[in-house]
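Colleague: Please take a close look at one part of this model. Then connect it to the rest, step by step.

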2 protein chains.
Amino acid sequence: MKIVNILESTQPIKSDIRNAYIDFSKMTLSLVAVVTDVIRDGRPVIGYGFNSNGRYGQGGLIRDRFLPRLLDADPATLLDDSGENLDPHKIWAQMMINEKPGGHGERSVAVGTIDMAVWDAVAKIAGKPLYQLLAERYGNGQANRRVFVYAAGGYYYPGKGLEGLQREMSSYLERGYSVVKMKIGGASLSEDCGRIESVLNILGPGQQLAVDANGRFDLATAVDYGRALAQYPLFWYEEAGDPLDYELQARLGEVYPGDG
Amino acid sequence: MKIVNILESTQPIKSDIRNAYIDFSKMTLSLVAVVTDVIRDGRPVIGYGFNSNGRYGQGGLIRDRFLPRLLDADPATLLDDSGENLDPHKIWAQMMINEKPGGHGERSVAVGTIDMAVWDAVAKIAGKPLYQLLAERYGNGQANRRVFVYAAGGYYYPGKGLEGLQREMSSYLERGYSVVKMKIGGASLSEDCGRIESVLNILGPGQQLAVDANGRFDLATAVDYGRALAQYPLFWYEEAGDPLDYELQARLGEVYPGDG
């Protein structure tokens, strides 16, 4: 068996939302299809992957570097020991040939999106759900069929008042989510506290709220927010500062040791 | 005045060399030209930039995100207070709009290459060398006309013996370089020691050798190399381990406190 083609398409996922750092008016993502010559139910198996919003589609990197490395490789070197399925680890190593260490920005999006498509193909070729295949390979074979999920929303957008925020969050709760998350840091602290209170007011028993600053704050603002947010029963307070500002992260860890 | 166009061209810089981590057979770089409507000597001022080898050209990112942000911006917002030249800081900020924090890999190459071209245009519009312009803006106005440089080479390539390495290094010394750098970590430690000694043997008074492992080593290997290299009067020992392996970096700093 072999990969016969890999396709990438960069698509707009434009919306009017914004978080504390960026707006999404020009946002894109990459869709990747890994086409194999394996036939299941009379059709070739194709694995699909896509990347999350926020770091844009990576069609340039994928087409310039990562697809050629896979399509130029001897197909046999990308297979598992049985020779009847792809080996995602060998494929990952082949993609990362001639990549310098460090600088895991766009590249991790490009490689990760292809990796997702490869795992999808592997599960389809194996004829079982990917969660079951992963449980068998890396767990005790018993897949946990329940997984914690939450609804991430509460973005800022033009004309959205507190009622609009409450309507949005209610729609998640009505769909069965027990935890909802909203953006903070794109407004003043007092305005954000008003937004948080408006959502806390509509939560029922067993329902909780998390907040996400998307890395916007300097240390002083992060601490000010932390002090103000301590009055609320929040599920978590996410990404207060720049993820690469290690001094901020270390000092925030001293102020708020947390339980992790 | 304004930027009238920005052009990017990704070009191969293929060579047979390799360092400890990657080979350069498919290496590319980006050339960027920032075209302005300012006329000097009867011709439009164009600033040029290019990126270093190792992280590939970034035409995809440049065309998808950074050029459109500059070309779509109100040109007046990219000028300095005089309105007669570009402001590289405003241009940088405009490029980074709607970019998430963290993940400074390919993006820093894309933005930095454009930034280089912008500074080139700024100096040409100002009618003085960039080093003089920088000394006036950020120093005491007196540019230091002497700067330390070294010749980085000593790559591994097929059929290159110790004589080939010596010939290469001699060619740098003959051109006036007083410090030369060679790659290590792409061969065994004993073979690398032989390569190092062969270069040390051809150095004259005031000439020195630095070595670069390009992030290849794990901690144990980095320390083994450090112990072996301590016998030689090296100028420096560069990038022993993965730059994002903070534990390795911290422990290496304990073993070799250095003078920095």
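Modeller: A residue is buried if 20 or more other C-beta atoms, placed from the backbone, lie within 10 Å of its own, exposed if 12 or fewer, and partly exposed in between. A73(B) has 17 other C-beta atoms within 10 Å, so A73(B) is partly exposed. This is a predicted model, in which local features need pLDDT of at least 70, side-chain atom pairs count only at pLDDT 80 or more, and totals for chains, interfaces and linings use all residues. Residues are numbered from 1 along each chain as its sequence is written, with chains lettered from A and ligands numbered from 1 in the order in which they are written.

A73(B) sits in the loop between helix 1 and helix 2 (88-95) of chain B. Helices (H or I, at least four residues) and strands (E, at least two) are DSSP runs numbered from the N terminus. Leaving out residues up to four places away in sequence, A73(B) touches L78(B) and Q94(B); contact means C-beta atoms, placed from the backbone, within 7 Å. M95(B) is 22 residues from A73(B) in sequence, and their C-alpha atoms are 9.8 Å apart.

Now the interface. Chain B contacts 26 residues of chain A through 26 of its own. Two elements of chain B give two or more residues to this side: helix 1 (59-72) and helix 3 (106-126). Helix 1 of chain B gives the largest share, five residues. By type, the side of chain B that touches chain A has seven nonpolar, nine polar and ten charged residues. Here Ala, Val, Leu, Ile, Met, Phe, Trp, Tyr, Cys and Pro count as nonpolar, Asp, Glu, Lys and Arg as charged, and the others, Gly among them, as polar.

How do the copies relate?

Last, a helix in chain A. In helix 6 of chain A, D192(A), R195(A), I196(A) and V199(A) are buried. They lie on the same side of helix 6 of chain A, because their arc around the axis is only 100°. The arc is that of the directions from the helix axis to the C-beta atoms. S190(A) and E197(A), on the other side of helix 6 of chain A, are exposed. The buried residues of helix 6 pack against helix 5 (162-174), strand 5 (179-183) and strand 6 (208-212) of chain A.

Terms used:
Contact = placed C-beta atoms within 7 Å.
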